[in-house]
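Welcome, and thanks for taking a look.

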Amino acid sequence: MPEFTEKQIKAAKKEGGKKGQDIAGLYDMGGISYYQLSMESCEGSLELLQHALDGANVEVDEKAEDRKGGAGHLGKMFLSASDSQVAVICHVPKDRLEVVKPKEWVESFLSVFDGKIVEESEEVVKVVLPGDKENERFPLKMRDEAINLGFAYLCKKGLVRDDDDDDMLDGEALEDAGIEW
């Protein structure tokens, strides 16, 4: 297993923290609870993805100038590609497991890529999808296809809003929620 520098770990945690803050903000605006994100700094590594997940799930320091994290209450899947594989970490917190189980979510694409679950708990599943250049299975394309298949899974479960949903910014609903617009 490769050893990573402090700089690489810090970059992964920082990217996870920023993405966590982004999806927490999206949740606050629209209530979507499940997200799939590509992670660039994690280099196809499960270890770095774990650091990114830790960064995304950290409690927000309200006094900090640069806010990070705050997404521990959301279901999320981080995917990262290297030259040889795609690493995936899927986290669904306990209070959301009735709707989506992380293993089912990753199984929406696992068999397509001959991937394998390398670690599993109730809330977190870690997966490796090996690339295969001879059969034109390139990790960057695999990552994008896995994101699309996972998105289709979320759509099938009714967890993604339709782009034509006019109720999303209903003024009356916003006022009822205490939001001035």
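The protein chain holds 5 helices and 5 strands, where helices (H or I, at least four residues) and strands (E, at least two) are DSSP runs numbered from the N terminus. Along the sequence they follow the pattern α-β-α-β-β-α-β-β-α-α. This is a predicted model, in which local features need pLDDT of at least 70, side-chain atom pairs count only at pLDDT 80 or more, and totals for chains, interfaces and linings use all residues. Residues are numbered from 1 along each chain as its sequence is written, and side-chain values use heavy atoms, with hydrogens and water left out.

Of the 181 residues in the protein chain, 41% are buried (under 20% relative accessible area, with a 1.4 Å probe and protein chains only).

Now to the helix pair. The axes of α3 and α4, lines fitted to C-alpha atoms over the stretch in contact, come within 8 Å and cross at roughly 130°.

| Helix | Residues in the contact |
|---|---|
| α3 (residues 102-110) | E104, W105, S108 and F109 |
| α4 (residues 139-156) | A146, L149, G150, Y153 and L154 |

Finally, strands β4 (residues 116-120) and β5 (residues 124-130) run antiparallel, joined by 4 bridges; strands pair if DSSP finds at least two. E120 has V125 of β5 as its bridge partner, and a hairpin of 3 residues links β4 to β5.

Note on methods. Axes are lines fitted to C-alpha atoms, for helices over the stretch in contact, and angles run from 0 to 180 degrees between N-to-C directions. Contact means heavy atoms within 4.5 Å. Buried means under 20% relative accessible area, exposed over 50%, partly exposed in between (1.4 Å probe, protein chains only).
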